[in-house]
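Welcome, and thanks for taking a look with us. Please open the sequence and the model side by side, and we will walk through a few of its features together.

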Amino acid sequence: MQNEFAFFPGCVLTQAAIEAKMSLEAIAPVLGIKLKEINGWSCCGASQAQDVDPLATLVANARNLALAEKMNLPMLTTCSTCLLMLRRAKAQLDSGEKERINTFLAKGNMSYKGTSEVTSLLWVLAQNAELIKSKVQKPLSNLKVAVFYGCHSVRPGKDLGFESSVNPTSFETVIAALGAQVVPFTKRLDCCGFHAVYPAEKSVMKMTSGIVNSAAESKADCLVTPCPLCQMQIDIYQDDAQATTKSKARVPVLHLAQIVGLALGIPAKKLGLDYNVIDASKLG
Amino acid sequence: MKFIIDRFDGKKNYQQTYTVEKKDIEALTLLGTLLFIKQHLDLTLNFTASCRMAICGACGVRVNGHSYLACDTKMTELFEEYKDADTFRISPLSNYTVISDLAVDWEPAIENLRKVKPGLVAKDKFSEKEGCVQNQEEYDRIVGQWDCILCGVCASECNKLSADRSDYMEPFVYTHAWKVANDSRTKDPMIHVKPSVANGLWNCVHCHECTNRCPKHISAADDIAGLRALAMKKGLNSGVGPAHAKSFYTDLVEDSGRLNEIRLALRTEGVSTVLRAGTAVTLMSAGKMNPLEIFGGHEIEGHKDLVKMIEAAHAAHKE
């Protein structure tokens, strides 16, 4: 098992999804994963900056990738949008842009070589499901879970490429390893709308509400997502979203690392469960 | 094996199950299977198809909730994708009004296409005598988007259209707008960009379903991003959408190098962001937001070099 990674937290893990970082840092040593945060990493552009300046966004991500290469480690991120932005940048560089972009990176005495792969926490956990199973201290056999992939964990398939984008299984594999029950959930591959919450608020709230209601109809005890942006959208905006559709359903939304931590027997406090907006304390 | 097909007779929706032998269809395409069902089991089943060679775009349908161009999809591919499932659910394209069974109404989508003026409005310098030429590089830039066959698969998958189609258009409409706006022979890109902006360009939710399912490997999501960048470059940058995107760029290049979430709201919505005070209080009381961040975060290590790199890229681009 590859167990050492150049860690790319992404901006959200240091701010509104601080509990995602706490839980990741709590589970990593138990699973034997060493995360070395990349010094000087910058924002990946968050699927927004390219609308202003695609070239600058590519340069910034080429630099992020080059920083990981200097550490001689594969890059790992927990944020699905960072994952997509970094993998798309890498694909662009590897398919002919490397030379041109390196002339710009040279201004900071850096160069992109293409030696580090970019992976996600979800993928690493899915690849090591048996190891996780062996570390479970508190099987979640009474927990019904709605797994919500989030767009940028699976789409576009050609950029992410880990598994089928219309019939993925990695998340279910991980949740099953924890002993929890995955419930049928029609919205598992839908979009939460996070990236358009400002310009298309009405639509986004409808989308968020649909996800919560679908999970509630499936009798799920909680929603879980590998993407901190989806977690933020469905957790923080849940009350607002449910108000727009006049729904009374409320479902706690956990980060992937939080549910893994619960099964590993890590105390709820260390997993940052008290930072979740929709009360998740009963799950701990 | 079973095919559960969503049907509509003009008045009511219902499902009909057809049982076929796997051996009869495993060498066929999805369209071949639909034709097999129509020819051997039920002549009343309606769907649209024409060229059978992925050119006309008439045979888009959904399988298990995901859209496919039926004539371009082998049954063996579906068996592999859905792990040898013995039941498939076939439905009409989503986000269209169903006319009959798997046939949908294209008129509203074509009306949207007309809004962005998808035909080339050539520069005045071109003439009948001298032609309307472009070099290989200029041609290569737009050739991918020319492959769009108006199959509607991208629109069927679009999460924004599913939520509300009153303030958004089918993703392929933006692709056609991008194509003509970026054609070297175009008289004025804004002829196509302006109606795109006016008809929901900034409302895309970035779900990448359109990119994921396009049978021609066109990324409408990227075309939307490209149109936005072009709009911004040409000064069409007012409103919440442009302000939101620009705030990420500002943090990356002009400020610390990382996103500042408190400034993001202010930069996106200005003073009207006070209407979101409730959300801010929720975040602060959950310990997720530090109000002192409004004064800015720490500059990342090597940020000055990052700026130099971006400046070099800009300088080279101008050349």
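## Chain B as a whole

A contact here means heavy atoms within 4.5 Å. With that in mind, residues 24 or more positions apart account for 66% of the contacts in chain B with a separation of 6 or more. This is a predicted model, in which local features need pLDDT of at least 70 and side-chain atom pairs count only at pLDDT 80 or more, while totals for chains, interfaces and linings use all residues. Residues are numbered from 1 along each chain as its sequence is written, chains are lettered from A and ligands numbered from 1 in the order in which they are written, and side-chain values use heavy atoms, leaving out hydrogens and water.

Chain B holds 15 helices and seven strands; these are DSSP runs numbered from the N terminus, with helices being H or I of at least four residues and strands E of at least two. The C-alpha trace of chain B spans about 70 × 70 × 35 Å along its principal axes. Of its 319 residues, 51% count as buried, meaning under 20% relative accessible area with a 1.4 Å probe and protein chains only. Chain B exposes about 15,400 Å², by the Shrake-Rupley method with a 1.4 Å probe, and carbon and sulfur atoms supply 52% of that area.

## A helix pair in chain B

Now turn to α8 (residues 171–181) and α9 (residues 190–198) of chain B, whose axes come within 8 Å and cross at roughly 155°. Axes are lines fitted to C-alpha atoms, for helices over the stretch in contact, and angles run from 0 to 180 degrees between N-to-C directions. The two helices α8(B) and α9(B) are therefore roughly antiparallel, the word used for angles over 145 degrees.

Which residues of α8(B) and α9(B) meet? From α8(B) come B:Y174, B:A177, B:V180 and B:A181, and from α9(B) come B:H192, B:V193 and B:S196. By class, this contact has five nonpolar, two polar and no charged residues; Ala, Val, Leu, Ile, Met, Phe, Trp, Tyr, Cys and Pro count as nonpolar, Asp, Glu, Lys and Arg as charged, and the others, Gly among them, as polar.

## Backbone details worth a look

Most residues other than glycine have a negative phi, and most peptide bonds are trans. A:S47, not a glycine, has a positive phi of about 60°. A:S47 sits in the loop between β2 (34–37) and α2 (54–70) of chain A, and is buried at 3% relative accessibility.

B:N95 also has a positive phi, about 65°, without being a glycine. B:N95 lies in the loop between β5 (87–91) and β6 (98–100) of chain B, and is buried with a relative accessible area of 13%. Finally, a cis peptide bond joins A:R155 and A:P156, with omega about -10°.

Key: Parallel < 35°, antiparallel > 145°, perpendicular 65-115°, else oblique. Buried < 20%, exposed > 50% of the residue type's maximum accessible area, 1.4 Å probe, protein only.
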